[in-house]
Amino acid sequence: MGETTATLERPGARRLGAIRPGLDPLGSVFAALIGLSLLTLPLMTARPNRIAAGESLMAWSALPPGRVLALGVVLGLAAPLLVLRIGPRLRVVAAGGALVILCLAAGWAADHLTLPGDRYGRVSPDAGWWLGFATAALALGDGLARLSPGPGIRIALLAGSAVLSGLALRSGFWDHLSILREYASRSDTFGREVRTHAGLALSSVAAAAAVAIPASILARPVPAARTALLSILNGVQTIPSMALFGMLIAPLGWIGRTVPGAADLGIAGIGAAPAFVALFAYALLPVAAATVAGLDAVPEPVRDAARGVGMTGRQCLLQVELPLARPAILTGIRIVLVQNIGLAVIAGLVGGGGLGVFVFQGISQNAGDLVLLGALPTVAMAGAAAILLDAVIDLGRGPERRR
Amino acid sequence: MIDLAHVSRSFGARTVVDDVSLRVEAGAILTVVGTSGSGKTTLLRMINRLVEPSAGTVRIAGRDVRSVPPHLLRQGIGYAIQGHGLFPHRTVAENVGVVPRLLGWDRRRIAARVDELLGLFRLDPALYRDRLPAALSGGEQQRIGVARALAAEPPILLMDEPFGALDPIIRGRAREDLLAIQRRFGTTIVLVTHDMDEALRLGDRVAVMDAGRLVQEASPAALIGAPASAFVGALLGGGDRAFQLMSLRVVDDLVEPGAAPGTPIPAGTSVRAALAESLWSRRAALPVSRDGVILGRVTRAALEAQGAGP
């Protein structure tokens, strides 16, 4: 009897957007955090200038009354919806709504709290806004994960949100926010540093893949070579990044001075060269380990069959072993790309450029918003790279195996 | 067709195959049977050079296999293994067509050959062509594995425990398929198994291996009749010899004129099955028919006589 009921209920329960009885545990946590963040923590901080102490303002003092109402209504609808057991689409709408209204609120508060003509005042999000924003973003991610969209849709969603955020930032709506004031005074160098940052991360990963994948393929079948390769790379991985920079200054400086043409390529003790070498070195082990693991996972009967049907060693590698190891290798590359986008911040320390420039300037000037100007784009880049490569890995698996 | 002359193989100090000489006639099935570790798989793999002999020579059609580059040699020899070894990232059609593609056949010819083979193994090409191995049952994977081995119509087929992973009913059908296809193409087959019943049923000749040595090579009936050693006797299972002999023979030669009661058994039934039917239905004689025509009868006494030792 119970089974019959369950079967009968299924079509209705599966319909997206339908509300079933009961509470959603994860959604309840999200809703509680959103409520707490807005009701007990300050939404914004207003400071008379960049480095002065600020005044923390609760949502109702940071926004004009009409906007407070709008924020209250949207979050008051979204949070209870997240608590209920709703379909994933409705969940995405609720979380997305909360995210959008928080972004709007930040802009409204910045306009509201900035006196006309004031160019020194700084308005920035405070703990309540950040907690609410992070929670809403997690809830949105959770809703999207429950929808389990295919890789094509995930790439489209990523591209769509990148374009939308770009347009929104250009619209000038948030220009009174402190982080965009920091941007305004550095808009000439910002684009260049983003490109340097992305270039450092991508080129170091590409170089590491170009070295580590062939090296692993060659070394894997030979036990001694395989052990040597992995232990050397393991050793490299244990060197702290600051120490590695220190160790690179002397040899790279020497190369820059003595090898003809090296200095023209930008090779010197400090600058982009040591940053690139460090990022490259840190990327080697994950790529090599993933390649070795991926090739090890090729079943022995499959390898035997490949040889048995008359494939040469090269054909076996290219047609059987590498295609089967590809998801593992791509997963390794995804890990190092995300890792290196984050790690490339340290290039700012040795004059290598990148978004780390803003982070370390901000730290030395005690200007938190400048740190954020370097940190937030780094986080966004790393997240986008993770989503993009995950989707690519799924695409490579083909539709039948994904199920 | 296949000649092995004093072939040995050692891995380090361990001799896995020890001075084996064997000959497989063209179009015949040789089954190689032995316990695990007897060297039977290594012996098989030396024929297509997946393992190189430490000593001795392997000749195919009179030609030393070492005179051909290994990958070219293997493209001309079908190879099917236990657990099928299908390429998991390739579709059924790509798996079956792998050797023709290596041989450089054009696409249309490969597609036609793939469809023909799938049909031969009773798999609807339209339904199975684009599936991945993971979406097939064990029996289907096994058939695809054999179809792949036969794709380029090799004169020789090497099989290593090809039916090991199948349940008894599907295994029986797979064996019948193999015999039908072997008759159709006249393929010379060397099949390795640890199952003596399988070796006796499929082989024209049976080679018994023990600890790397060839203990006996004989026809199934001769093997049952005169096991060369206690080991062969033990592999045969001792007590069942009479029945093993009976399952090798069919009733056709025992038919005598006369009538018998009850449902007829078809010609081609094994003596063992006929005797079982005679005992079960309490009939001293059974009518034998071919295509619905009664040929005569076979008596229980005649059936029983087939179980007698030489």
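The exercises below, each with a worked solution, concern a predicted model with chains A and B.

**Exercise 1. Chain A as a whole**

Describe the secondary structure, extent, burial and domain division of chain A.

Solution. Begin with the secondary structure, where chain A has 15 helices and five strands. Next, take the extent along the principal axes, for which the C-alpha atoms of chain A fill a box of roughly 75 × 75 × 30 Å. Then turn to burial, which covers 36% of the 403 residues in chain A. As for contacts, among those in chain A with a separation of 6 or more, 74% join residues 24 or more positions apart. Finally, the domain assignment divides chain A into domain 1 (2–148) and domain 2 (187–401), and the centres of these two domains, taken over C-alpha atoms, are separated by 36 Å.

**Exercise 2. Domains and a helix of chain B**

Solution. Just after helix 8 of chain B comes G186(B), which takes a positive phi of about 65°.

**Exercise 3. The largest nonpolar core**

Which residues have the most contacts inside the largest nonpolar core, and which helix gives the most to this core?

Solution. The core has 176 residues, and those with the most contacts inside it are A109(A), L279(A), V287(A) and V190(B). Helix 11 of chain A (residues 272–296) gives the most to this core, with 17 residues. Looking at V190(B) in particular, and leaving aside neighbours within four places in sequence, one finds contacts with I2(B), V24(B), L30(B), V32(B), L44(B), I47(B) and L158(B). As a general point, nonpolar side chains tend to be buried together in soluble globular proteins.

**Exercise 4. The contact between the chains**

How many residues does each chain bring to the contact, and which elements of chain A supply them?

Solution. Chain A brings 15 residues and chain B brings 19 residues. On the side of chain A that touches chain B, helix 12 (300–308), helix 13 (313–343) and helix 15 (368–402) each supply at least two residues, and helix 12 of chain A gives the most, with six residues.

Technical notes: Residues numbered from 1 in each chain as written. Chains lettered and ligands numbered in written order. Predicted model: local features only at pLDDT ≥ 70, side-chain atom pairs only at ≥ 80, totals over all residues. Core = buried A, V, L, I, M, F, W, Y, C linked by C-beta atoms within 7 Å. Buried ≥ 20, exposed ≤ 12 C-beta atoms within 10 Å, placed from the backbone. Helix = DSSP H or I, 4+ residues; strand = E, 2+ residues; numbered from the N terminus. Contact = placed C-beta atoms within 7 Å. Domains from an automatic or database assignment.
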